[in-house]
Amino acid sequence: MVPKPGKPINDVTSYRPISLLPLPSKIFEKLLLQRLRNDADLSAFLPNYQFGFRAGHSTIHQTHCIVHEIAKSLEEKRFCTAVFLDVAQAFDKVWHTGLLYKLKTTLPSLYYLILKSYLRTRFYRVKYNDSYSTCHEVLSGVPQGSVLGPLLYLIFTADLPTTDHTTITTFTDDTGLTAIHSDPILASHYLQLHLDILQAWFNNWKIKINQAKSSHVMFTTTRSICPQLTMNNVPIPMRSTVKYLGLYLDQRLTWSTHIKTKRLHLNLKLRSMNWLLGRKSQLSLANKLLLYKCVLKPEWTYGVQLWGCVKPSHTQIIQRLQSKILRPITDAPWYISNLTLHHDLHIPFVVTEIRRLFHLYHQGLASHHNTLVAELAVLPLIARRLKRQWPTDLLNDPLYD
C-alpha cells in the first residue's frame, strides 16, 4: 500500500494498492491470450465505440469523435449536452458470476473453463511496510496489472445499451454520452432516457456509478441552459469544463482551459527539474535536450491533433514556454534570438510541430479497421457559422505544407 500525498494516514481510502502478481501467471496469460486471438475474433465481441486496450486505438481517436460532434453542434447552433460517468472501482468490482455468464456465451467452451478456473479460488494479502495481513479470497474483480484483466473487463461491459438519439463513447471504464438537438430540453430528455436505461443495466450487472465524480456539461455558444440530469435519482453535477482522457473540454470548445492547465503543469515540472536543466547544471547539452524531449515536450504535445487549431494567441503561450526552456538549457545570453536557438538546436517551433503531428495522425485514419475512426478522415465539411478553426482545418493551413 502506497499512501496518497496529502491524505490522512488513518483513512483506508488514503492508500493506493500496487498489485504484485506471480510471473508464471503472467506468462501463462500471455500464451493463453495469443491462443485465444488465433481461435476467436476478439474484435467481433467488442463494440466499435469501445477504444480502450485495443490495438490501433488511442485516446486521441476517442476524443476526436466527441470533439467533432461538439464542433458540428456549435456550428449548427444546436445544443450538445454530454455526461461523463465515473465508474467506481471498475476493475475491482467486476461481478464474477455475471462475467462467467458472458464468457460462456461469448468464448469457446474450452476457454470458458480455463478462465473460470483462473478467476475462482484466488487469494490476496496486503503488505504495508513490514506488516502482512491474513489471506483473503478474491470474490469480485479482475486482477489489475494482469494480461487478461483488461480483456475480461471489456467483454463484461461489451453489451452497454445504446439509443438512436444519443452517442456513447467508452475508453475502458471512461464513459461519455452525448445528445444533440436544437431544443435544450429535448437534448436533455434524450440523454436522461439513455441514463435511465444505463442505470437499470448497471444495477443488473452490479456496477456502481459515482454520481458526485461524474460531470454534466452543455456545449453551446448561447446562454440557454439544459435541464439538470440525474442518475439513480441523484443529480449529476453541472460543470463548465470537464477533463476527459487527459484533455480539458470547455463549454465553447476554445481549449483555453486545457492550454492554461498544461502551462501550469509544465511550470511545476520545469521548476522541479531546474537543477538538471538550469544554467548551473553540469549535464551535457545533448542530455538536457533529451530530458526536454522525453519529459517536458510530451506534456504539451499530447492532444495537439485536436487543440492545435486554436487561435495564435493560445499557441503562443506554449511557444513562449518552449523558448523559456531552451534558453537556460543552452545558457544563451539575452542577445541570442529565439529563432537562432530553435535553428541551432533543431527544435521546431510549436506551430510547425502541430502541423507535423496532425499530418502523421491524419495519415493513419483512412486505413483504420474501426469504421468510427476511418470516418474521421472523410468527415463532411461543417457548415461554417463561427469564425473558428477545427482540427480538419489544419490540412488547409498554408503553414501545413
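**Notes on strands, salt bridges and surface**

1. Glutamate 353 has a relative accessibility of 4% and therefore counts as buried, the limit for that term being under 20%. The model discussed here is a predicted one. The side chain of glutamate 353 meets that of arginine 356 in a salt bridge, with 2.7 Å from N to O. Arginine 356, at 42% relative accessibility, counts as partly exposed. Both residues belong to helix α14 (residues 350-363), and because they are three residues apart there, about one helical turn separates them.

2. How many salt bridges does a search of the whole structure find? The search finds seven. Two further examples are described in the next points.

3. Lysine 102 and aspartate 159 form a salt bridge in which the closest N and O atoms are 2.7 Å apart. Lysine 102 lies in helix α4 (residues 96-106), while aspartate 159 lies in the loop between α6 (149-156) and β8, so the pair ties together parts that are 57 residues apart in sequence. Is each partner buried or exposed? Lysine 102 is buried, with a relative accessible area of 6%. Aspartate 159 is partly exposed, with a relative accessible area of 37%.

4. Lysine 262 forms a salt bridge with glutamate 299, and here the closest N and O atoms are 3.7 Å apart. This pair links distant parts of the chain, since lysine 262 sits in helix α8 (residues 256-272) and glutamate 299 in helix α10, 37 residues apart. Lysine 262 and glutamate 299 are both buried.

5. Glutamate 299 deserves a point of its own. This residue is placed in helix α10 (residues 285-301), and its relative accessible area of 14% makes it buried. The side chain of glutamate 299 also makes a polar contact, at 3.2 Å, with the side chain of lysine 269. Which residues does glutamate 299 touch, not counting those up to four places away in sequence? They are Lys262, His265, Leu266 and Lys269. Salt bridges that share partners join Lys262, Lys269 and Glu299 into one network.

6. Strand β8 (residues 167-171) runs antiparallel to β9, and five bridges join the two. Within this pairing, phenylalanine 171 stands opposite aspartate 174 in β9. β8 and β9 form a hairpin with two residues between them, and threonine 172 in the turn has a positive phi of about 60 degrees.

7. Strand β3 (residues 79-85) is paired with β10 in the antiparallel sense over five bridges. β3 and β9 also run antiparallel, joined by seven bridges. Two residues illustrate these pairings: threonine 81 stands opposite alanine 179 in β9, and valine 83 has histidine 216 as its bridge partner in β10.

8. β10 is mostly covered, with five of its five residues buried. In which directions do these residues point? Ser215, Val217 and Phe219 point one way from the strand, whereas His216 and Met218 point the other way.

9. Although glutamine 228 and methionine 218 are 10 residues apart along the chain, the separation of their C-alpha atoms is 10.0 Å. Leaving aside neighbours within four places in sequence, glutamine 228 is in contact with His216, Pro235, Ile236, Pro237 and Met238. Its side chain reaches the backbone oxygen of isoleucine 236 at 3.2 Å.

10. The last point concerns the surface. Met1, Tyr124, Val126 and Tyr128 form a nonpolar patch there, and together they have about 330 Å² of accessible area. One of these residues, valine 126, is placed in the loop between β4 (123-124) and β5 (127-128). With a relative accessible area of 31%, valine 126 is partly exposed.

Key: Residues are numbered from 1 along each chain as its sequence is written. This is a predicted model: local features need pLDDT of at least 70, side-chain atom pairs count only at pLDDT 80 or more; totals for chains, interfaces and linings use all residues. Side-chain values use heavy atoms; hydrogens and water are left out. Contact means heavy atoms within 4.5 Å. A polar contact is a pair of N or O atoms within 3.5 Å; within protein, one must be able to donate a hydrogen and the other to accept it, and residues adjacent in sequence count only if both atoms are side-chain atoms. Patches are made of residues with over 30% relative accessible area and no salt bridge: like charges are joined within 9 Å, nonpolar side chains (Val, Leu, Ile, Met, Phe, Trp, Tyr) within 5 Å. Accessible areas come from the Shrake-Rupley method with a 1.4 Å probe; for residues, only the protein chains shown count as cover. A salt bridge is a side-chain nitrogen of Lys or Arg within 4 Å of a carboxyl oxygen of Asp or Glu. Helices (H or I, at least four residues) and strands (E, at least two) are DSSP runs, numbered from the N terminus. Buried means under 20% relative accessible area, exposed over 50%, partly exposed in between (1.4 Å probe, protein chains only). Two strands pair if DSSP finds at least two bridges between them.
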